[in-house]
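My entries follow the display.

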Amino acid sequence: MAKQVIGNLKLRIPGGRATAGPPVGSTLGQWGLNMMDFINPFNEKTKEFNGKNVIVHIAVYDDRTFDWKCLGQPVDDLIRERIKIEKGSGKPNLEKVGKITRAQLEEIAEIKKDQLNAIDLDGAVKVIAGTARSMGVEVID
């Protein structure tokens, strides 16, 4: 019989720097999971991100075991990193905070291609461009 999933957790953690403190410790503790069974493998696998935020999905099973999957950096972080801005706009339709080119969008789409709901590179670029627009970043060709 297959294990029953009793919880799906989504965390945003600095790569290679997970600790037993919040958000990891408090979240895993609620489910009765051993934190060090997650922290050590996570830090080992994500040390190339070196403090940049990464998204992690954790499936918790009824026997207090878990599986986790690292999805890499969030798209908004990649956009901010490429165009060198601190944060997105609070009013994206009125206040623009930067510009991004199609070439930069393609770079981000290549990085995130496995996680995006797109058939080809052009569709992935459109998804990334939509995220950029919602942040107040102008998309130029």
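I looked up what the buried residues of H5 pack against: helix H3 (75-83), strand E4 (98-101), helix H4 (102-112) and strand E5 (137-140). Contact means heavy atoms within 4.5 Å. The model is predicted, so I note that local features need pLDDT of at least 70 and side-chain atom pairs pLDDT 80 or more, while totals for chains, interfaces and linings use all residues. Residues are numbered from 1 along each chain as its sequence is written, and side-chain values use heavy atoms, without hydrogens and water.

I listed the buried residues of H5 as Ala-124, Val-125, Ile-128, Ala-129 and Ala-132. They cover an arc of only 140 degrees around the axis, which puts them on the same side of H5. The arc is taken from the directions from the helix axis to the C-beta atoms. Buried means under 20% relative accessible area, exposed over 50%, partly exposed in between (1.4 Å probe, protein chains only).

I then checked the aromatic pairs and found 4. Rings of Phe, Tyr and Trp (its six-membered ring) pair with centres within 6.5 Å; planes under 30 degrees apart are stacked, over 60 edge-to-face, the rest tilted. Phe-38 and Trp-68 are edge-to-face, at 5.4 Å centre to centre and 80 degrees between the planes. Phe-38 lies in helix H2 (residues 35-45) and Trp-68 in strand E3 (residues 66-72), 30 residues apart. Helices (H or I, at least four residues) and strands (E, at least two) are DSSP runs, numbered from the N terminus.

Phe-38 counts as buried because its relative accessibility is 0%. Trp-68, at 21%, counts as partly exposed. I noted a cluster too: ring pairs link Phe-38, Phe-42, Phe-66 and Trp-68.
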